Amino acid sequence: MLERYSILKDYSGPIDLKYMSYEELTCLSEEVRDYILEVTAKNGGHVGPGLGVVELTIALLRVFNPPSDVIVWDIGHQAYPWKILTDRKDKFPTLRQYGGISGFLRREESIYDAFGAGHSSTSISAALGFRKAMDILGQEGYVVAVIGDGAMTAGMAYEALNNAGHLRPNRFIVILNDNEMSISPNVGAISTYLSKILSGRFVQETRQRVKHLLEHVSGVSRIAKLTEEFLKGLISPGVIFEELGFNYIGPVNGHDLQALEKTLENIKGIEGPVLFHIYTKKGKGYRPAESDPVTWHGVAPYKRESGEFIKKPSPPTWTSVFGKAVVELAQMYPELVVITPAMKEGSGLVEFSQKFPERFFDVGIAEQHACTFAGGLAAQGLKPIASYYSTFLQRAYDQLIHDIALQNLHVVFAIDRGGLVGDDGPTHHGVFDLSYLRCIPNMVISAPKDEQELRDLLYTALNWHGPFAVRYPRGPAYGAPTQGFRELPVGSWEILTEGEDAVILAVGYTVYQALKAQEELRKEGIRVGVVNARFVKPMDENILSQLCTRYPLLVTVEDNVVMGGFGSGVLEWLSKRGILKKVLMIGVPDRFVDHGNQNLLRNLIGIDAEGIAKRVKEFVRSAKSELHIL
């Protein structure tokens, strides 16, 4: 794959960059972009973010010496060039494949990955931790945090900036990668020139001397400070960062390698924390990604020449079913509003936002705020639907408990990407929600078996009074026909088939898999019943009591961690009533599941039809063997 690249094929690591001419580096930049497109066209992945930071990556590796100098990338999806140019050039074709390298940064993957993360806005906090640890241990070196502009919409980033401004560490640099998606910088050649000068030693030392001098002159210091802020505000948008205690430098063209390198070299000599503001083009070098950076943020495999996505015939996705349903429900309920933390496209809410713009709120990467904001809307009598990815709802856990459940506010949580999500891996698997929601008082937790039941559960949730979670998986649904809405009794289960040897209590995605497993088991002479346990909390105690009387063996199946999940709830119910029953719990084991194809992971974990049939067969035969021995 690398043979057609003139420079990249012989590239051996960061040390090579320090001896290349700018002409060679320009050629290398083009080859890295080409390589990213070549691999992501086959594997899918985050295309736009990485294409925009190629020159920045090269500049960082030329000016600094990682891993001695610590570079912390926010989220990590923008670090594809970092993977290629550090030590994973040859492994890059395995990106996001099972057994291959991750789509994010991971400490166990490389010594160059100082800190792994799949959620945004953590880089400054982590980098500050590195900086203070190095100071305490007497270690030299620089610490650099690279944060994308979207991540600056999250409160955690400002908490970290506030703390860093108070601590004022030296050799601590925050690079704000502004890819034209939020901040509107003062850009151009003059601005770049001014930034080079402002970051130079002479200007910085002179500025500090004048400031110290004026502090001892009565009545002058405040005037000098106001004058400095006024003049700085004329040429840069960085006053807010200066007020937080940072030396603000920028904005600089993030694709001008020489300007980046010169400015970074100058910044290394500045006393105190520095915020270096650069502007880049998201998707640079690939026209489809440049013209539509939102779509090309993260994509499935595509035809590189045309930018056309490779679509395989499949039923509608769970996400699209939700998006269509919420538009229909909004026409029925004028008080319905929708909130999402920066996931309008990913959560299927584009049509809703267009048809009901005054009832749609994208609050940015601010999961905590989104939750409490929804609580305020509910307290005033609206019907808010808070749409989250399962993995991102974890970030709003305190607000969910304290601001919503404790006050029993009517907020509907539409939880997308429940269960194993696939190629994005352990940072994005939604396998903890049933466990972390189940222990919260007042919370109703549901999971649909198919598209119609998703619609019905949303309708049921809107007619409830209190917090209500509707949790559904990523990817294509089952193709079940849909029509209208039906209110379901809260806490009700559905007996789908009868059996004799055991009964399978299945949740959400696993219901249809259990039905397929039941058919396979029948061929083996094992007859099992299947129940759609669509409500994880409250459970259907009447049906559960009947099942305990009728079946010798119970099997619970969920695409959630076994610890604390639906199966644990069944065991708690049995224990509370003193019922002794053999129970097999099938779900995600107590470990972080790696990245890979979604269906492959389901098979490896054993929550698809094949895995369920295998485990149930072993369970039934083992139980019969024990009975025979007795």
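Start with strand E11 (residues 412-416) and strand E13 (residues 468-471): they run parallel and are joined by four bridges. Within this pair, Phe413 stands opposite Ala469 in E13. Keep in mind that you are looking at a predicted model.

Now step back to the sheet. E11 and E13 belong to an open sheet of seven strands. Read across it and the order is E9-E8-E10-E11-E13-E12-E17. The pairing in this sheet is mixed. Where does the sheet end on each side? The edges are strand E9 (360-362) and strand E17 (535-537), and each of them pairs on one side only. On average, neighbouring strands here are turned by 20° against each other, direction ignored.

A helix packs on this sheet. That is helix H20 (residues 451-462). H20 touches strand E8 (336-340), strand E10 (383-389), E11, strand E12 (444-446), E13 and E17.

The peptide bond from Lys537 to Pro538 is cis, with omega near -5°. Pro538 sits in the loop between E17 and helix H22 (541-550).

Next, move to another sheet in the chain. This open sheet has five strands, in the order E1-E2-E3-E5-E4. Its pairing is parallel. Strand E1 (70-73) and strand E4 (247-253) form the edges, each pairing on one side only. Neighbouring strands of this sheet are turned by 20° against each other on average, again with direction ignored.

Strand E3 (residues 172-178) pairs with strand E5 (residues 274-279) in the parallel sense, over six bridges. Here Ile175 is the residue opposite Phe276 in E5. The bond runs from Gly250 to Pro251, with omega near -5°, and Pro251 lies in E4.

Helices pack on each other too. The axes of helix H6 (residues 123-136) and helix H7 (residues 155-167) come within 8 Å and cross at roughly 30°. That angle makes H6 roughly parallel to H7. Which residues meet there? From H6 come Ile124, Ser125, Leu128 and Lys132. From H7 come Met156, Ala157, Ala160, Leu161, Asn163, Ala164 and Leu167. By class, this contact has eight nonpolar, two polar and one charged residues. Ser121 is in the loop between helix H5 (80-86) and H6. Ser121 has a positive phi of about 70°, although it is not a glycine.

Finally, the whole chain. It has 25 helices and 19 strands. Its radius of gyration is 28 Å, close to the 25 Å that the globule rule gives for 630 residues, so the chain is as compact as a globular protein of that length. Along the principal axes, its C-alpha atoms fill a box of roughly 90 × 60 × 50 Å.

How far can you trust all this? The mean pLDDT of the chain is 91, and 90% of its residues reach 70 or more. Residues 182-191 fall below 50, and this stretch has 17 contacts in the model beyond near neighbours in sequence. Where pLDDT is low, the predicted coordinates should not be read in detail.

How values were computed: Residues numbered from 1 in each chain as written. Predicted model: local features only at pLDDT ≥ 70, side-chain atom pairs only at ≥ 80, totals over all residues. Heavy atoms only, no water. pLDDT = per-residue confidence, 0-100. Contact = heavy atoms within 4.5 Å. Axes fitted to C-alpha atoms, helices over the stretch in contact; angles between N-to-C directions. Helix = DSSP H or I, 4+ residues; strand = E, 2+ residues; numbered from the N terminus. Parallel < 35°, antiparallel > 145°, perpendicular 65-115°, else oblique. Nonpolar A, V, L, I, M, F, W, Y, C, P; charged D, E, K, R; others polar. Pairing = 2+ DSSP bridges. Rg over C-alpha atoms; globule rule 2.2 N^0.38 Å.
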